[in-house]
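Colleague: I would like to learn how to read a structure like this one. Please show it first, and then I will ask about its features.

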Amino acid sequence: MPLVYSWPAAPRPAPSFRLLESVVSNAPSPSSLHQRDSGWSGRFSEPVAETVLRYTASVGFDRRLAEADIAGSRAHAAMLARAGVISAADLAAIDGGLQRIAEEIRGGSFEWQLELEDVHLNIERRLTDLVGDAGKRLHTGRSRNDQVATDLRLWLRAAIDEIRAALHELRRALVDVAERHAATIMPGFTHLQVAQPVTFGHHLLAYVEMFGRDDERLRDCRSRVNRLPLGAAALAGTSFRIDRQFVADQLGFEQVGQNSLDAVSDRDFAIEFTAAAALAMVHFSRLAEELVLWMNPGIGFIDLPDRFCTGSSIMPQKKNPDVPELARGKCGRVAGHLAGLLMLMKAQPLAYNKDNQEDKEPLFDTADTLLDTTRIFAALVPGIVVRPDAMRAAAERGHATATDLADWLVQHGVPFRDAHEIVARAVRLAAEGGIDLASLTTAQLQSISPLITDDARAVLTLEGSVAARDHVGGTAPRQVLAQVARLRG
Ligand code: ARG
């Protein structure tokens with residue numbers, strides 16, 4: 001039987017929701033007022049079309065906000081009770097109901113309904129089913145607009161904390177390997193050509209710096225994520241005598257959003273996080289690219305443990321660095337989410353617009369991708385098998401100490417530009433003879449500059465070269481160990 005693909009594609013598999021056939025219709029019918037069962041039905045004279053329901057509902061993905069939604073609702077209810085807007089009995093009923101719902105969700109028995117659109121209306125409806133009128137009072141002085149903004153901030157705050165913890169583990173792992181290889185010499189590259197010798201420890205610590213700045217950015221971003229929108233209600237605030245600071249304290253927010261229009265419509269916090277995440281992913285992609293290169297048998301600086309590699313279905317000899325390659329690829333997807341979120345916000349008029357429902361999937365995926373990538377690199381780094389001999393051999397092949405000879409000539413009175421020229425000619429002589437600069441005899445060097453003496457040849461060694469770069473930020477083993485000590489401190 002031929003394999004046939006049809007277009008338009010077969011209908012997408014129905015999501016695993018119970019769809020109340022009574023509340024949706026494919027063709028609008030005018031007489032079904034009583035049948036609509038959403039959280040906002042009174043104003044409407046016909047059921048929502050099923051295509052529209054599927055198009056507008058977010059419960060398929062915003063269910064992830066359930067825990068945050070429940071925490072926000074409990075804080076809001078506690079505040080309403082303190083302010084005398086609801087009774088203590090209502091608060092007790094709401095609290096008990098919400099705790100039970102949290103258990104149902106965790107246990108997988110909660111029945112999500114597509115026609116209730118989103119996580120907020122699903123939970124509120126269930127609460128009303130469980131506790132009656134008290135459940136209907138929960139939404140007093142609140143809107144889904146300030147509710148969703150609060151949920152998202154709570155969710156992202158927790159995600160940032162997890163990512164930062166993972167970054168900490170990764171940096172610790174890099175520092176450990178750097179310490180072991182503080183004196184392991186490898187070629188440093190510019191233009192991917194051998195430039196000067198460096199230590200492998202120094203090279204790894206460059207990534208510790210990058211990931212350290214990523215962590216700083218996340219910490220900084222967190223303080224802007226950690227501001228309370230609740231109380232803004234739909235957009236203008238509420239006529240109830242609410243206590244926003246109390247809600248902020250309950251939920252651990254550092255500040256109360258100071259403008260209700262901004263509080264419900266701001267998604268800078270999500271964009272800012274995604275920008276920081278995209279940059280972190282760029283850093284991962286750089287490290288990933290180096291791991292792939294270093295593991296290439298033609299270079300052979302490292303090997304990766306089998307548990308981080310995969311084979312080929314056709315070429316039996318293959319061992320592929322799939323993890324770093326995927327990280328490199330996932331960088332593109334997070335950068336795409338950043339572009340998507342920027343475009344989502346572009347030209348949105350104040351205040352809340354349904355556009356903002358589109359913030360969740362890219363934000364969730366960004367946080368997931370960054371967390372997974374960070375964790376897998378933290379696990380992979382300690383397993384890197386270093387091949388110091390291959391690194392050394394490569395450093396010996398590229399005239400890597402040419403700058404050191406030029407520096408020696410400068411120390412003996414030759415202007416730097418002239419020294420550069422002398423050494424360039426020495427490199428040409430070595431290259432013509434098929435040897436490295438460091439292998440030229442003193443006599444050969446003297447044929448280019450009579451100033452060169454035997455002790456000039458000492459600076460041509462790889463060890464001499466790295467040890468000479470002994471200042472803060474330099475590649476000398478002493479400096480690498482000093483950085484390790486600083487980073488551990
Ligand atoms: N699901 C909505 C969202 O994610 C919640 C807010 C709905 N607000 C509204 N006015 N329709 O943004």
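Colleague: Which residues does H181 touch, not counting residues up to four places away in sequence?

Modeller: A contact is counted when heavy atoms lie within 4.5 Å. By that rule H181 touches T199, F200, G201 and V386. As for its place, H181 sits in the loop between α7 (144-180) and β3.

Colleague: What should I know about the model before going on?

Modeller: The model is predicted, so local features need pLDDT of at least 70 and side-chain atom pairs count only at pLDDT 80 or more, while totals for chains, interfaces and linings use all residues. Residues are numbered from 1 along each chain as its sequence is written, and side-chain values use heavy atoms, with hydrogens and water left out.

Colleague: Is H181 buried or exposed?

Modeller: Buried means under 20% relative accessible area, exposed means over 50%, and partly exposed is in between, with a 1.4 Å probe and protein chains only. H181 has 12% relative accessibility and therefore counts as buried. Over the chain, 48% of the 489 residues count as buried.

Colleague: How many helices and strands are there in the chain?

Modeller: Helices (H or I, at least four residues) and strands (E, at least two) are DSSP runs, numbered from the N terminus. The chain has 19 helices and 8 strands. Its radius of gyration is 31 Å, well over the 23 Å that the globule rule gives for 489 residues, so the chain is more spread out than a compact globule. The radius is taken over C-alpha atoms, and the rule is 2.2 Å times the number of residues to the power 0.38. Along the principal axes, the C-alpha trace spans about 105 × 65 × 40 Å.

Colleague: What share of the contacts between residues at least 6 apart in sequence joins residues at least 24 apart?

Modeller: The share is 72%.

Colleague: Now a single helix. Which residues of α14 are buried?

Modeller: The general idea comes first. An α-helix has 3.6 residues a turn, so residues three or four places apart point the same way. In α14, M391, A394 and A395 are buried. They cover an arc of only 100° around the axis, which puts them on the same side of α14. The arc is that of the directions from the helix axis to the C-beta atoms. On the other side of α14, D389 and R397 are exposed.

Colleague: What covers the buried residues of α14?

Modeller: The cover includes β3 (185-190), β4 (193-199), α8 (200-225), β7 (302-303), β8 (385-386) and α18 (462-468).

Colleague: Where does E396 lie, and what does E396 touch?

Modeller: E396 lies in helix α14, which runs over residues 388-397. Its relative accessibility is 40%, so E396 counts as partly exposed. Leaving out residues up to four places away in sequence, E396 touches D436 and L462.

Colleague: What follows α14?

Modeller: H399 follows α14, with a positive phi near 55°. H399 is in the loop between α14 and α15 (402-411). With a relative accessible area of 17%, H399 is buried.

Colleague: What is phi of E117?

Modeller: Phi of E117 is near 65°, a positive value in a residue other than glycine. E117 lies in the loop between α4 (88-107) and α5 (119-131). The relative accessible area of E117 is 8%, so E117 is buried.

Colleague: Which peptide bond is cis?

Modeller: The bond from L350 to A351 is cis, with omega near 0°. A351 lies in the loop between α12 (322-345) and α13 (360-380).

Colleague: Is T461 buried or partly exposed?

Modeller: T461 is partly exposed, with a relative accessible area of 36%. T461 is in the loop between α17 (442-448) and α18. The C-alpha atoms of T461 and A400 are separated by 9.3 Å, although the residues are 61 apart along the chain.
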